[in-house]
Structures are given as structure tokens and as C-alpha cells.
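Subject: Structure handover and findings

Dear colleague,

Please find below the structure that I am handing over to you. My findings follow it.

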Amino acid sequence: MKFGTRMAATAGLVLALGACALLPFGTGLKPQQEVSLTVRNLAYYVGNESSSNPVIKVAAGERLRINLVNKDRGFVHDFAVRDWKVATPLVHDEESTSMVVQVPEKPGRFTYVCTLHAAMMKGTIEVVPAGVAHASGD
């Protein structure tokens with residue numbers, strides 16, 4: 001194959017891949033829910049709520065974005081759901097991170113923890129059937 005032909009083929013491939021990148025992320029997937037958690041005083045909080053380590057309700061099969069902000073001076077934390085084999089990276093005070101996970105299709109209750117402080121920092125994610133109204137931090 002001549003150099004010019006290879007260049008044209010490569011350019012065509014790059015354009016095709018670029019066009020795919022313009023498609024909406026997750027086309028055909030269920031909508032994504034976002035939960036923002038703040039860590040302070042060795043506990044998780046959702047938004048401005050005062051209850052610590054709240055139950056987080058999500059729909060079966062949806063994508064869930066978890067945002068984690070560490071406001072706990074002098075401590076390093078993460079957010080993990082061991083049954084799902086997922087965890088954020090460790091974050092130092094005044095740092096943040098996020099991850100997107102695919103929620104299991106089967107409803108149930110799952111424990112979330114800070115892997116370094118699981119005795120104090122743990123709560124429940126409740127997976128409800130798809131189509132059932134849900135809200136985080138009940």
C-alpha cells in the first residue's frame with residue numbers, strides 16, 4: 001500500500017472514531033444519577049443534610065456517579081462498595097474525586113465504606129427496581 005493511500009485510510013479511521021466520540025455517552029443506557037458525598041468528622045454526608053452515613057437509593061441497572069469531597073482535616077478517605085468491587089482513589093483533606101459505576105440489575109441492599117475507617121464510616125446503598133422513584137440520602 002502506498003504512503004498516500006495509508007495516510008488517507010488513517011485519516012478516514014480517525015474521522016470515523018471522532019464521529020463516534022460525538023455520539024452521546026451511554027446511548028441506549030439508562031440515565032445516570034449523581035450523588036455528592038462530603039466527608040467530615042469521620043462520616044459521609046449528602047449535600048447539606050445533617051444525618052451521617054445516609055441510605056443512598058438508586059434504581060437497578062442505572063449508572064451512578066459518585067462525587068467524593070474530603071473536608072476531614074488530617075484524614076485520608078475513600079468510598080468503596082466491596083460487593084460491587086469498586087472504590088474511589090484515596091483523597092486527602094480538601095481533595096475530591098469521582099467515579100461512575102453500573103448499579104446491579106437485581107434490587108438489594110449493599111454496604112458502602114471508607115476502607116480505612118469502616119468501623120465508623122459505613123452506610124447502605126439500596127437498589128430499588130427500575131422505574132420506582134428514588135432519592136439519595138433518605
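A residue is called buried under 20% relative accessible area, exposed over 50% and partly exposed in between, with a 1.4 Å probe and protein chains only. Helices (H or I, at least four residues) and strands (E, at least two) are DSSP runs numbered from the N terminus. The model is predicted, so local features need pLDDT of at least 70 and side-chain atom pairs count only at pLDDT 80 or more, while totals for chains, interfaces and linings use all residues. Residues are numbered from 1 along each chain as its sequence is written, and side-chain values use heavy atoms, with hydrogens and water left out.

I begin with strand β9. Five of the seven residues of β9 (residues 122–128) are buried, so this strand is largely enclosed by the rest of the structure. Two strands are taken as paired if DSSP finds at least two bridges between them. Strand β3 (residues 56–59) runs parallel to β9 and is joined to it by four bridges; V58 has V127 in β9 as its bridge partner. Strands β8 and β9 run antiparallel, with six bridges between them, and F110 stands opposite I125 of β9.

The residues that I125 touches (heavy atoms within 4.5 Å), not counting residues up to four places away in sequence, include I56, V58, F79, W84 and Y112.

A nonpolar core is a set of buried Ala, Val, Leu, Ile, Met, Phe, Trp, Tyr and Cys residues joined through side-chain atoms within 4.5 Å. The largest such core has 25 residues, and those with the most contacts inside it are L37, Y44, F79, W84, I125 and V127. Two or more residues of this core come from each of β1 (32–40), β2, β3, β4, β7 (96–102), β8 and β9.

Aromatic pairs are rings of Phe, Tyr and Trp (its six-membered ring) with centres within 6.5 Å; planes under 30 degrees apart count as stacked, over 60 as edge-to-face and the rest as tilted. The whole structure holds four aromatic pairs. The ring centres of Y44 and F79 lie 5.5 Å apart with their planes at 80°, so this pair is edge-to-face. Because Y44 is in strand β2 (residues 43–46) and F79 in the loop between β4 (63–70) and β5 (80–81), the pair ties together parts that are 35 residues apart in sequence. Y44 also forms an edge-to-face pair with Y112, at 5.4 Å centre to centre and 75° between the planes. Y44, F79 and Y112 form one aromatic cluster.

Yours sincerely
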